[in-house]
Amino acid sequence: MSLFTIGSSNTDLVIYLDRIPKIGETVIGGKSQVIFGGKGANQAVAAKKAGSDVKFITQLGNDNFGNELIKYFKSLDLPKEYLLIDNNQPSGIAQIFVSETGENSIAVASGSNSTLFYDRVKNFLEEIMNDDLLLMQFEIPIETVFYVINYCFEKKVKTIINPAPAAFLPDDIIEKIWMITPNESEAEILTGISVIDQKSTLQAAEKLINKGIDHCIITLGEKGSIWLSSQGGYKFKVPTVDAIDSTAAGDIFNGYLANAITEKIPIGNAIAQAHAAASLSVTIRGAQTSIPSKEDTIAFLKLNPITSKKIY
């Protein structure tokens, strides 16, 4: 089973600070770093490091940032034929502030990601077979996302949609999604339900399931996640770790989750493995620099079991 990922690639310009500046404030003394990122690339690289055969469709600018990303993806054995170029737009960049407690604030200039339109990806979709899996996020044009979801539904290809950054989805799109993985704020935008506790989390997940989605996993940061399907609801608890940078933790969760599903691991076990990878990642600075190896993830999981409890 192959994993297709369609999404963004960015170069992250990261500044580490004692605290994140307020509006109009300048904070001096931070350390800086240039790291490869973008939600699509983060998830694709996470799945690749977890062991997936990843075909990552993304679009870069014809510039130094794009050239460096091509070299980087080649070093990871991600096929070059899926790396598209827009000669009229610069590559995407993100400015990220990270506080000493691990919180982050991110601003993104989408560049070439914003022109990854459906006519640029449709020919690659012909390669997808009905036993493959597709993972996608929202840092590319939402129209492209809709077209791809419709195509996969017609071809009976399972889709994992990570609805980030948050966006509203119409019901005729939601009903065609196999699995969705919002966080609390994204779930609220999708459902109109304020996700503040276990009861409201289940209500939001149930609303999405009732619209036709097979599996809804609402991620709750250090509080774990809640997974709801027609078979019931489960609460996952994650171990406490010394977090220093939460950048890309959600992307690493999704990449590892998608890989485990391609390996036909039961979904409950796949969620546990994804949580282990995400938990490890927040103890390391950066986006893709924080993606743990499969071996380290399994070792962490053995020492720190991710427990689940049926709650619905």
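Is Lys211 buried, partly exposed or exposed in this predicted model? Lys211 is partly exposed, with a relative accessible area of 24%; buried means under 20% relative accessible area, exposed over 50%, and partly exposed in between, with a 1.4 Å probe and protein chains only. Because the model is predicted, local features need pLDDT of at least 70 and side-chain atom pairs count only at pLDDT 80 or more, while totals for chains, interfaces and linings use all residues. Residues are numbered from 1 along each chain as its sequence is written, and side-chain values use heavy atoms, with hydrogens and water left out.

**View 1. Lys211 forms a salt bridge with Asp171.** A salt bridge is a side-chain nitrogen of Lys or Arg within 4 Å of a carboxyl oxygen of Asp or Glu. Here the closest N and O atoms are 2.8 Å apart. Lys211 lies in the loop between helix H7 (198–210) and strand E11 (215–219), and Asp171 in helix H5 (residues 171–174), so the pair ties together parts that are 40 residues apart in sequence. Helices (H or I, at least four residues) and strands (E, at least two) are DSSP runs, numbered from the N terminus. Asp171 is partly exposed, at 42% relative accessibility.

**View 2. Asp251 forms a salt bridge with Lys39.** The structure holds six salt bridges, and in this one the closest N and O atoms are 2.7 Å apart. Asp251 belongs to helix H8 (residues 249–262) and Lys39 to helix H1 (residues 39–50), so the pair ties together parts that are 212 residues apart in sequence. Asp251 is buried, with a relative accessible area of 3%, and Lys39 counts as buried at 18%.

**View 3. Lys55 forms a salt bridge with Asp53.** Their closest N and O atoms are 3.4 Å apart. Lys55 is buried, at 16% relative accessible area, whereas Asp53 is partly exposed, at 40%.

**View 4. Four strands form an open sheet in the order E3-E2-E6-E7, with mixed pairing.** Two strands pair if DSSP finds at least two bridges between them. Strand E3 (31–37) and strand E7 (104–109) stand at the edges with a single partner strand each, so one side of each is left without a neighbour in the sheet. Strand E2 (residues 10–16) pairs with E3 in the antiparallel sense over seven bridges, and Val14 stands opposite Gln33 in E3.

**View 5. Strands E12 and E13 form a hairpin with two residues between them.** Five bridges join strand E12 (residues 225–229) to strand E13 (residues 232–237), and the two run antiparallel. Trp227 stands opposite Tyr234 in E13. E13 is also joined by four bridges to strand E14 (residues 307–310), again antiparallel, where Lys310 is the bridge partner of Tyr234.

**View 6. The largest nonpolar core has 54 residues.** A nonpolar core is a set of buried Ala, Val, Leu, Ile, Met, Phe, Trp, Tyr and Cys residues joined through side-chain atoms within 4.5 Å. Among the members that touch the most others are Phe73, Met179 and Tyr256. Helix H9 (residues 267–281) gives the most to this core, with nine residues. Apart from it lies another core, of 42 residues, including Ile57 and Phe138.
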